[in-house]
Structures are given as structure tokens and as C-alpha cells.
Amino acid sequence: MDKIRQNAGPILYIIVCIVSIWFFYF
Amino acid sequence: MVTMLIMSLAMPFFLTPVMAQEATKAATEAAPKVEMAKDVYFKTEGPVSGNPVPELKAADYPSYNLPYPLSENRILIWSIAQQHLYFGSFVLAVPIFCMIIELVGLLTKDPVMAKKYDDLAHLLVKISLTAYSVTAILGGLLLFSFITLYPDFFKYISSLFRPVMHIYALLFLAESGTLYIYYYGWDRMAHGFAKWMHACLGVLLNVFGSVLMMLANSWASFMMSPAGVDEQGRFLGNIWNVLHNALWNPLNVHRIIGNMVFGGGIVAAYAAYKFLAAKNMEEKAYYDWMGYIAMFMAVGSLIPLPFAGYWLMREVYGFRQQMGITLMGGLLAWLFIIQAVLIGALFFSTNYYLFNGMERMRGAEKYQKYIKYILFLTTAAFIVWLTPHTLVMRPAELKAIGGQQHPIIGNFGVMSAKNGAVNTMIMTTIISFLLYQRSNKIITVKWEAWGNAALVAMFAVALVNNWWLAIYGYFIPANVRVGLSVPQVMGTLTTLFVGSAINIAMMKGSKLTGPIEWGKISVRSQYALFALAVSFTWLMALMGYIRSSVRLFWHVMEVFRDTSPWAFTHTIGFAANVMSMNVMAFWLFVLFVFWLGELTSKHAVAEARKEAARPVMAGGSE
């Protein structure tokens with residue numbers, strides 16, 4: 001759990017990227 | 001959050017295909033008297049849901065009583081649209097760079113370099129802010145020009161694209177909101193999780209920007225390759241089909257990559273301008289570095305751009321063969337020769353800049369002896385690349401030459417040879433780049449000889465394969481020959497990716513002959529950056545004209561006839577002059593924007609100096 005909290009930033013960034021790519025898949 | 005808002009607003013407009021089919025099915029069951037018609041492109045049946053295109057007369061085009069050529073509405077629209085597109089292209093490209101550079105900064109371990117990248121990304125957004133408002137103003141001007149100069153055409157297009165146009169306007173709200181938070185929140189969101197949030201905003205900004213562009217592209221591609229309407233231009237109830245017309249995606253891909261080359265070119269020109277105006281070595285070093293990064297981005301995008309362009313042309317041929325022939329082998333063929341010269345100029349100025357850039361490094365001397373061979377190969381390929389094929393001749397000339405094609409010279413300037421030539425030019429540029437990267441390093445890996453042998457062998461095989469296919473293409477029919485571009489491209493891309501990988505592996509643990517001495521570069525190299533940027537601006541004007549004028553006397557290809565008094569195609573000379581005027585106007589505009597940036601930064605520097613020089617009170621808290 002701590003590991004996730006430490007890397008919350010990069011995880012959020014990757015999620016935003018995946019959602020964006022899914023959106024274009026428009 | 002904003003995305004969710006936009007999505008929920010957009011959903012009622014954009015029914016997905018399945019939902020749309022169900023809706024039309026339900027509609028037909030409820031009211032069986034609805035007239036059905038056939039889609040011109042998808043060939044599906046749909047309920048007639050709009051008016052047919054209007055039958056216009058010459059008098060339906062209100063024009064100003066200005067001296068020729070301003071009396072032609074299309075000249076006004078052409079110029080305003082061109083300026084709007086230049087600035088729009090720039091403000092779409094800059095966030096892409098910011099997103100990449102900010103991420104590079106986040107992933108860089110060295111804190112000094114990380115800060116340097118982050119500051120560069122911040123500076124780029126600052127440059128684009130002025131351009132953003134200029135784009136919006138030009139967009140407003142373009143909209144009013146459409147409404148006042150082409151009222152009937154615009155009424156038809158806006159009735160067809162009604163939801164798309166509304167979403168387009170709403171996306172502006174989302175984009176400018178995101179841009180302002182992104183720019184003004186930069187310092188506040190500088191650390192930890194907030195910094196990653198900030199990087200996410202950069203991604204979101206690009207999503208909004210790209211969707212904006214794709215929606216606008218659908219209007220232009222609909223005019224070239226209509227879909228979702230019947231033969232009379234009546235809307236068939238499915239906006240999804242209108243949006244997904246034949247040339248939409250090829251145009252999207254080509255424009256995104258083109259935007260990046262263009263944006264990189266403008267930023268490189270900005271850096272060159274600042275380099276030439278720099279007062280001390282420190283400033284010179286900074287702007288030299290910035291120009292190099294911008295050039296790197298531009299050329300990195302320039303390498304895949306011809307392939308995207310080739311795909312777009314293939315799709316044009318696929319949609320209507322006659323359109324492709326008009327472009328490449330008919331009325332507009334000589335404009336493609338001008339295009340070849342400009343593309344050659346891009347590759348020459350890139351190579352020239354890289355050769356000059358070697359001067360920043362001690363130890364580059366051992367590679368400078370190869371420059372003349374690279375230049376020779378590039379020049380030879382360039383000559384093949386710009387050789388014309390289709391000549392416009394009088395009957396007497398036709399007779400003298402022995403038909404449309406001379407028995408010997410008629411073999412020159414065909415696409416098979418040109419594909420070989422452009423791939424050669426791309427590969428020589430890649431070689432320049434690999435040598436540049438090595439210039440300040442002494443390779444220490446044990447397998448150095450093998451690595452070099454592998455690189456030489458790979459380029460030799462790729463080049464010979466490329467030339468052999470270019471010759472082989474002469475002996476096979478055209479429909480098979482088109483497929484040869486695939487192995488040629490594969491060869492070029494292999495040298496790019498595998499060559500870079502081998503080169504990077506070889507440079508691991510290498511001894512530096514000294515750091516890169518940024519700022520120690522000739523003034524001439526900075527003019528090469530200007531040449532790169534101006535050539536690309538010119539190229540965009542040229543190809544934009546080609547893309548529009550290929551419709552000939554149609555507003556919407558084969559659906560909506562252009563019956564204005566000026567529905568003829570301009571002469572090449574006249575069109576070239578309008579393009580050049582547009583390029584000049586744009587660069588004057590850009591220099592004004594650069595100068596504005598100079599004004600604010602001078603003020604900031606003066607303030608900082610005043611602050612530093614302020615006497616400190618004895619015993620004061622400061």
C-alpha cells in the first residue's frame with residue numbers, strides 16, 4: 001500500500017494516458 | 001473531471017454507431033413514411049434528415065468591389081484560413097513538446113538538467129500564449145468571412161456539422177481553461193504529487209487540442225471525400241458517418257506530425273533569433289541548446305512525415321483515382337515538383353545544421369571527413385527527387401519530342417525512382433545524426449569494430465535494397481509497384497531504430513573528449529534554422545493549396561457544385577505568389593510576437609537588477 005502511495009504521481013499519469021488513448025479509440 | 005463534463009455534454013450528439021442504428025430502426029418503425037436514401041460513401045441506407053445542397057447562381061456569392069484579385073472571395077478566405085492554420089498549428093504543437101519535455105525533466109535524475117528541461121517547457125508555453133489569442137482572433141475573422149462571403153455554403157455545412165461545431169466551441173472553453181491552469185499553476189505545482197498532476201494537465205491539454213483539430217479536419221476532409229449524405233447532399237441522420245469520412249484519419253495523422261515539424265521549426269527560429277540577439281556567452285549557450293532541442297523535435301517528426309503523406313496520397317487515389325491523377329500527374333503536378341525542392345531544402349538545412357553543430361565538440365574532427373560523402377549522396381538523391389515527369393506542351397513541342405513522353409527522358413522523374421531518392425535522403429540524415437551524437441566521445445566498448453561493421457553493413461544493405469527496389473519498380477505494373485514502398489520504408493526505419501540502438505549501446509561508458517560547448521557554433525548555422533522554419537512554412541502553404549484546389553469546381557466533391565464566377569483553377573504562378581505573400585505575412589506576425597516576448601522579458605530583467613542593487617538597511621531584517 002505504501003508503495004502505491006509513494007508512486008501515486010506516476011500511477012495517475014499512466015492512468016490518464018491510458019484513458020486518453022481509449023478516448024481516441026472516437 | 002473536465003473530460004467527464006465534456007463527455008457527458010457530447011454524448012447526446014455522438015451516438016455510437018450501434019445506438020445510432022437502433023435509433024434509426026426505431027424511427028423507421030414508428031413512422032414508415034420516412035424517405036430512405038443511400039450514403040454516397042458507406043453505401044448504407046439512412047433516413048433523409050436534411051435539405052439537399054442549394055442550387056446556386058453566380059449572384060449568390062456576395063463579393064467586395066475591390067481590385068482583382070481581392071474581388072475573388074476565395075483569395076480572402078484562402079489567406080485568412082492560411083494564417084489561422086499557421087497559428088493554430090503552432091499552438092497545437094507547443095503543448096506536445098511541453099508534454100514530452102516536462103516528462104523528460106521528471107524522469108531525469110540530474111537535478112540541474114531536470115530543472116533546465118522544466119524551465120524550457122515553461123518558456124515554450126509562455127511563447128504560445130500570445131499565439132493562442134492570435135489564433136482565436138484569426139478564427140473569429142475566418143468565421144465571419146465564411147458567413148459573409150459564402151453564406152449559402154456555410155449554411156449547408158453548418159447544418160450538417162451542427163453538433164460538431166458546438167462541441168468544437170465548447171472544447172475551446174475546456175482547452176483555454178486547462179492552458180491557463182497549466183501555465184499559471186506551473187510554480188505552485190512544482191513538487192511531488194502536484195508536479196505529476198501538472199504533467200497530467202499537459203496530457204489533457206493535448207487531448208483537447210487534438211480533438212479540436214480532428215473535428216476541424218472533418219470539415220475539410222468532408223469537402224474532399226463526402227460521407228454520411230446522399231447524392232443530393234441530404235444528411236442521412238448519422239453524424240458519425242459524416243465525421244468518419246474517407247480522408248479524415250489520413251489527414252489527422254499527417255497534420256499532427258506536420259504540426260510537430262512546424263512547431264519545432266518556429267521554436268528553433270525563436271531560439272535562433274534570441275541566439276543572434278544574445279549579449280553574452282551564457283545567453284548564447286542557452287539559446288543554442290534550445291535551438292538544438294527544437295531542431296531535434298522537428299527533424300524527429302520530419303522523418304516519419306513523408307510516410308504519412310504517402311499514405312494520405314494512397315487514400316486519395318483509393319477514394320477517387322481521378323483526384324490522385326489531378327494531383328500527381330495532371331493539373332497540379334508541377335506544384336509537387338516545387339514541393340520536392342522545398343523538402344530537399346529541409347533535409348539540406350538539417351544536415352548543414354548538424355555538420356555545423358559538430359563545432360561545439362572537441363574530437364568531432366575525426367568525423368568531419370565523412371561530411372563530403374554524405375553531402376554527395378544527399379545531393380544525388382535530391383536531383384532524382386526533383387526531376388519533373390509530366391510536361392505541359394504545345395502540339396508542335398509534342399510532335400518534336402515524339403509524344404507525351406520522350407523515349408529516354410520519359411523514364412525520369414517517376415515515383416519509383418523518387419521513392420528510392422527520398423529514402424536515401426532520410427538515411428543520409430540519419431547517418432549525420434549518428435555521427436553527430438558520437439562527436440565528443442571516444443568509444444571504449446570491446447566490440448567497437450564489430451559495432452561499426454554492423455552499422456556500415458546495415459546502412460549498405462538498406463541503401464542497396466532501396467536502390468534495387470527503385471530500379472525493379474520500372475519493370476512491374478503500377479498497382480504492384482505501390483506495394484514496393486513498404487520494404488523501402490522498412491529498410492529506412494530499421495536503420496533509424498536499430499542504428500540508433502547500436503549507436504547508443506556503443507556510447508555506453510565512452511570517454512568524453514570534453515563537454516558539448518553550447519553557444520560555440522557558427523552564426524550561419526542559426527540561419528540554417530531559419531531556412532528550415534521558412535521552408536516548412538512555405539511547404540504548408542503549398543500543400544494546403546494543393547489539397548483545396550484538387551476539388552476543382554466542387555465545394556463538396558461531386559455533391560455541391562461551386563458556381564461562383566471564380567470557380568476556375570488559378571495559374572501556378574499566381575497561386576505561388578499568394579502562398580509567398582502568406583508566408584511573408586506570417587513571419588512578420590511571428591517576429592512581432594517574438595518582439596513582444598522580448599519587451600516583457602527585458603522589463604523582468606530590469607526589475608530583477610533593480611531589486612538586486614537595492615541597498616540593504618543596516619540592522620534590517622533582510
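Chain B of this predicted model is divided into two domains: domain 1 takes residues 59-332 together with 524-611, and domain 2 takes residues 362-515. The C-alpha centres of these two domains lie 30 Å apart. Where they meet, six residues of domain 1 are in contact with seven residues of domain 2. On the domain 1 side, helix α11, residues 305-319, gives the most to that contact, with four residues.

The secondary structure of chain B comes to 21 helices and six strands. Along its principal axes, the C-alpha trace spans about 85 × 80 × 55 Å. A compact globule of 622 residues would have a radius of gyration near 25 Å, and chain B, with 27 Å, agrees with that expectation. Of the 622 residues, 38% count as buried. As for the contacts within chain B between residues at least 6 apart in sequence, 81% join residues at least 24 apart.

Which residues touch the most other members of the largest nonpolar core? In that core of 152 residues, they are F90(B), A268(B), A271(B), A294(B), A298(B), L529(B) and L532(B). Helix α3 of chain B, residues 73-107, gives the most to this core, with 17 residues. Domain 1 and domain 2 of chain B both give residues to the core, so it lies between them. As general background, nonpolar side chains tend to be buried together in soluble globular proteins.

Leaving aside residues up to four places away in sequence, L529(B) touches A268(B), A269(B), A272(B), G291(B), M295(B) and Y353(B).

F536(B) has its place in helix α20 of chain B, residues 523-549. Is F536(B) buried or exposed? It has 27 C-beta neighbours inside 10 Å and therefore counts as buried. With the same exclusion of residues up to four places away in sequence, F536(B) touches V261(B), F262(B), G265(B) and L346(B). Its C-alpha atom is separated by 12 Å from that of S580(B), which is 44 residues away along the chain.

V134(B), in helix α4 of chain B, residues 111-149, counts as buried because it has 21 C-beta neighbours inside 10 Å. From V134(B) to W186(B) the sequence separation is 52 residues, and the C-alpha to C-alpha distance is 23 Å.

Next, two helices of chain B. Helix α19, residues 478-506, has 29 residues, which at 1.5 Å a residue should span 42 Å; its end C-alpha atoms are 42 Å apart, so expectation and model agree. Its buried residues are S485(B), Q488(B), G491(B), T492(B), T495(B), L496(B), G499(B) and M506(B). These pack against α11, α17 and α18 of chain B.

Helix α18(B) has 25 residues and reaches 36 Å from its first C-alpha to its last, close to the 36 Å expected at 1.5 Å a residue. In α18(B), the buried residues are A462(B), L463(B), N466(B), L469(B) and A470(B). What covers them includes α17 and α19 of chain B.

I now come to the backbone details. Y68(B) and P69(B) are joined by a cis peptide bond, with omega at about 5 degrees. P69(B) is placed in the loop between β2, residues 45-47, and α3 of chain B.

Which loop holds K43(B)? K43(B) lies between β1, residues 36-38, and β2 of chain B. Its phi is near 65 degrees, a positive value in a residue other than glycine. K43(B) counts as exposed, because it has 7 C-beta neighbours inside 10 Å.

E558(B) also has a positive phi, of about 65 degrees, although it is not a glycine. E558(B) is found in the loop between β5, residues 554-556, and β6, residues 560-561, of chain B. With 13 C-beta neighbours inside 10 Å, E558(B) counts as partly exposed.

Finally, the contact between the chains. It takes 10 residues from chain A and nine residues from chain B. On the side of chain A that touches chain B, the residues divide into eight nonpolar, two polar and no charged.

Terms used
Residues numbered from 1 in each chain as written. Chains lettered and ligands numbered in written order. Predicted model: local features only at pLDDT ≥ 70, side-chain atom pairs only at ≥ 80, totals over all residues. Core = buried A, V, L, I, M, F, W, Y, C linked by C-beta atoms within 7 Å. Buried ≥ 20, exposed ≤ 12 C-beta atoms within 10 Å, placed from the backbone. Domains from an automatic or database assignment. Contact = placed C-beta atoms within 7 Å. Nonpolar A, V, L, I, M, F, W, Y, C, P; charged D, E, K, R; others polar. Expected span 1.5 Å × (residues − 1). Rg over C-alpha atoms; globule rule 2.2 N^0.38 Å.
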